[in-house]
Amino acid sequence: MKLFLSADIEGVAGVTAWSETEFGGKGYERACRQMTLEVDAACRAALDLGWEVVVKDGHGDAQNLDIGALPRGVEVIRGWRCSPAAMMGGLDESFSAAACIGYHSPAGSGDSPLAHTMDCKLLNWIKVNGRLASEFSMNALWAAAYAVPMVFLSGDRGICSHAEEYCPGIVTAATKQGTGASVWCVHPEEAVEQIAQGMRRALRQPIPPLPLEDSYEMVICFREHTSARSASWYPGAELVDSHTVRIQAKDPREMITARMFMTGC
C-alpha cells in the first residue's frame, strides 16, 4: 500500500506571518524545521503500519523539507512537475491513500492570517459548485479523479473544519486557531504527537474516495480586473463581472487544468 503525502508550510504549528513562509524571511528556518518534523511524524506512523510513503514538498519553490531528516525508505518529490496536479504532482492510481500536512484556510475565509488559495496576490477566492474552494478541496478532487481517498489532514482549525465538511470521515489534527492576524498554537511537540496519532488512526480505518459529481462549475474572483479579463480568453470561460470568471468542466482534471492556465498556478 502506498501513501501520497502533500506538505505545505502555512498550516504547521507556530507559523503566523508571511515572513515565516518565505526564503530569507524572519522565522523561515524554524518553520522549515517544524514542517519537516510534522512530515516526519506522519511518515513514521505510516511506515510503522507497513505503508510505502511518497512525500510532495508543496510550498513555494518546493524545496523546504530537510529530506535527510526524514526516515529512510521515504521518497520525496522536490520542485515542480509543471502540471495541473501542482501540490499533488506524482499521484496516480497506484496510491491507496493521500494525506495533507501543514495546510491552511482558503482565500475568502477569516480563519487564518495566512488564508489564501494558490496565489495570495492574484486571487480573492475560488468557488467550485457554489462552495468556497481551498487548496485542500481541489487537491482532494484531483485525488478522487484517480480513486484515491484523502484520509488525513493537519493544519489550522479552519482548514480542519473545512476538510471534515468536505470529506466526511477524514481524520484531522489542528495545530492552531487563527483570529485576525494572530494564531493560538498548540506546542510544536504536541502537534507532532497529534499528527502521528491521527495518521495511525486514519490508515487503520477505511475511507472511500470523494464521490465525483456530474460536472464542475468553477468561479474565480481575481484581485485585479485585468487578470479576470485575461483569464476569460481561456476556451469555455465566461467573464461574469469585472473581476470574476466562470467555467464549466466535466471532471476535476479538466477543471484544475483550466485553473492552471487561467491563473498560472
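**Strand E10 and its surroundings**

Reply: Happy to! In this predicted model, strand E10 and strand E12 (residues 244–249) run antiparallel and are joined by six bridges. One of the residue pairs here is Glu217, which stands opposite Gln248 in E12. E10 also has strand E5 (residues 123–128) as an antiparallel partner, with five bridges between them. There, Val128 has Met218 of E10 as its bridge partner. E10 itself covers residues 216–222, and because six of its seven residues are buried, the strand is largely enclosed by the rest of the structure. "Buried" here stands for under 20% relative accessible area.

Now for the wider surroundings. Seven strands make up an open sheet with mixed pairing, in the order E3-E2-E1-E4-E7-E8-E9. At its edges stand E3 (75–77) and E9 (182–185); each has a single partner strand, so one side of each is left without a neighbour in the sheet. On average, neighbouring strands of this sheet are turned by 20 degrees against each other, direction ignored. Within that order, E7 (residues 150–156) and E8 (residues 171–179) pair in the parallel sense over five bridges, and Ser154 stands opposite Ala173 in E8.

Technical notes: Residues numbered from 1 in each chain as written. Predicted model: local features only at pLDDT ≥ 70, side-chain atom pairs only at ≥ 80, totals over all residues. Heavy atoms only, no water. Pairing = 2+ DSSP bridges. Helix = DSSP H or I, 4+ residues; strand = E, 2+ residues; numbered from the N terminus. Axes fitted to C-alpha atoms, helices over the stretch in contact; angles between N-to-C directions. Buried < 20%, exposed > 50% of the residue type's maximum accessible area, 1.4 Å probe, protein only.
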